[in-house]
Amino acid sequence: MSSEVTTLDPAKGSANAMALTGYAIYDTLMKVEEFGDEPTPNIAESMEANEDFTTWTMKLPSGLKFSDDTPFDAAAVKFNIDRHIAPDAASTAAALLSSVESVEAPDATTVVFTMKQPDASLPYAFSYDGSGTAGYIASPTALQEYGDDYTDHASGVGPYMLESWGPGKDTVLVRNPNYWGEEEPYLDRVQIRLIEDEQQRFQALQAGDIDYAPTINPTIMLQAQNDASLNFVQGVGKDQDAVAFNLTKPPFDDIRVRRAVSMALDRDEIVALTKEGLADPAVSLFPESYPFHNDHEVPGYDLEQAKSLVAEYEADTGNKVSFTYMCRPTVNTTDVIERQLAKAGMDVKVDVQETTTAVSNFIAGKYDAACWAMAGFLAPDQLPYRFFHSSGDLNSMGFDNAEFDALVDEARGTDDQEKRKQLWSDADGILTEELPWAWTTGMPAGFVYSERVHSVDLEEPGRLRYSVPTINNVWLAD
């Protein structure tokens, strides 16, 4: 993997960094098998709402236990959800569950969610898509006993258990002999290695030092396709790259500068120089393949207008359009974007940070502008809500638009797909006008693996809707 696991506490962890490990240790309450499917029960046996989606009732199986032998029951689920929704908890899953008023456990196998407002999309929050940790249920005993040291003792009901972990070290998982699923996990042991450089990771695959790795680098994808000793598959998820702006300080507190950046970006050139024909320009929140796709677009390439906006801003404020552009080593568009922005008269300093640091700084709002990505999402009520709603835990841009909030909150409360689509279309229109992000290009997600690696995920790419691999059903051939 390219980013380090810093915590396995579902209330503290970045979903991106802990997705592979967290999913293996915890599994999820609900699941979405393939891109476009509706959520169905996974650990939970059922999840049903009342008529107006103001109450949800989840039924759990009986007899399950965490790997530390604590009972997995309704009280355990309540304990975990309460940690997310507590006002002072600052959970990384809080935005996903912001519509939940309270949780009750009337008996050992029943969990009742009472909503602040109707939410027809709540089952998505408990499904795995790499963007949230609300579906990960951790042992209450371990959370309470170990506190800040919980990660060393992480305990779930997933197919694998934590053997070892540490900063800068490999994460090692071992088979959970008491896994609840119908099929026991296939692997005895999994070693997750941190290799941030994509080319080094690919070379490690070629050398047989590792067996399986993700890549977002189109050049490496082509190399993998042409290497007979390796297998390659491209996921169906539609990740999209963007430039995210910190709206809380100059120069991006001024819409003219945000529009200038969007107009300075020649997206066709970025695609031609960096994507090897495996991606398209990105112009709005929803790619064409998404059911929520609409006609809204960010301001397109217009170099002269971008220059004019820069000059107007500088004349009015007396300040140069000067900023630092934070990015990660795994992103290969940085040089092209820097050059394009410079042509529009912007003074851009590029700060390439290792991935874990960049993620931490983005979440903390410690940037002027940042290269960021919207991972392929199951429903817009998940990642987009978390990034752009004023209460979103990933909204480090300081974007605060009451009309946007009202639209997406209303969309949560209806299961009428046409109404939801219209509400999110209107919300997307606000994003393309206000520009907390300027979309750049699609970002293909690829998975490279040795000939001995097999998985239903790799055979059915509809399951590969995110740029992080899963190991829950991987098996090895001799």
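## Helix pair H7 and H9

Angles under 35 degrees count as roughly parallel, over 145 as roughly antiparallel, 65 to 115 as roughly perpendicular, and the rest as oblique. The axes of H7 and H9 cross at roughly 155° and come within 8 Å, so the two helices are roughly antiparallel to each other. Axes here are lines fitted to C-alpha atoms, for helices over the stretch in contact, with angles from 0 to 180 degrees between N-to-C directions. The crossing is left-handed, meaning that the near helix is turned anticlockwise from the far one by less than a right angle.

On the H7 side, Arg256, Val257, Arg259, Ala260, Met263 and Ala264 meet residues of H9, among them Leu303, Ala306, Leu309, Val310 and Tyr313. By class, this contact has nine nonpolar, two polar and four charged residues.

## Basis of the model

The model is predicted: local features need pLDDT of at least 70 and side-chain atom pairs count only at pLDDT 80 or more, while totals for chains, interfaces and linings use all residues. Residues are numbered from 1 along each chain as its sequence is written, and side-chain values use heavy atoms, with hydrogens and water left out.

Helix H7 spans residues 255-264, and eight of its 10 residues are buried (under 20% relative accessible area, 1.4 Å probe, protein chains only). The buried set includes Arg256, Val257 and Arg258. These buried residues pack against strands E12 (239-245) and E16 (437-443) and against helices H8 (267-274), H9 (303-317), H10 (334-343) and H14 (417-434).

At the N-terminal end, Asp254 caps H7, with a side-chain oxygen 2.8 Å from the backbone nitrogen of Arg256.

## Two buried loop residues

Gln353 is in the loop between strand E14 (347-352) and helix H11 (355-363). Gln353 is buried, at 13% relative accessible area. Its side chain makes a polar contact of 2.7 Å with that of Asp351 (a pair of N or O atoms within 3.5 Å, one able to donate a hydrogen and the other to accept it). Beyond neighbours within four places in sequence, Gln353 is in contact with residues including Glu196, Arg328 and Asn361 (contact: heavy atoms within 4.5 Å).

Ala445 lies in the loop between E16 and strand E17 (446-450) and is buried, with a relative accessible area of 4%. Leaving aside neighbours within four places, its contacts are Thr215, Met221, Val233, Gln234, Gly235, Tyr466 and Ser467.

Notes
Buried < 20%, exposed > 50% of the residue type's maximum accessible area, 1.4 Å probe, protein only. Helix = DSSP H or I, 4+ residues; strand = E, 2+ residues; numbered from the N terminus. Nonpolar A, V, L, I, M, F, W, Y, C, P; charged D, E, K, R; others polar.
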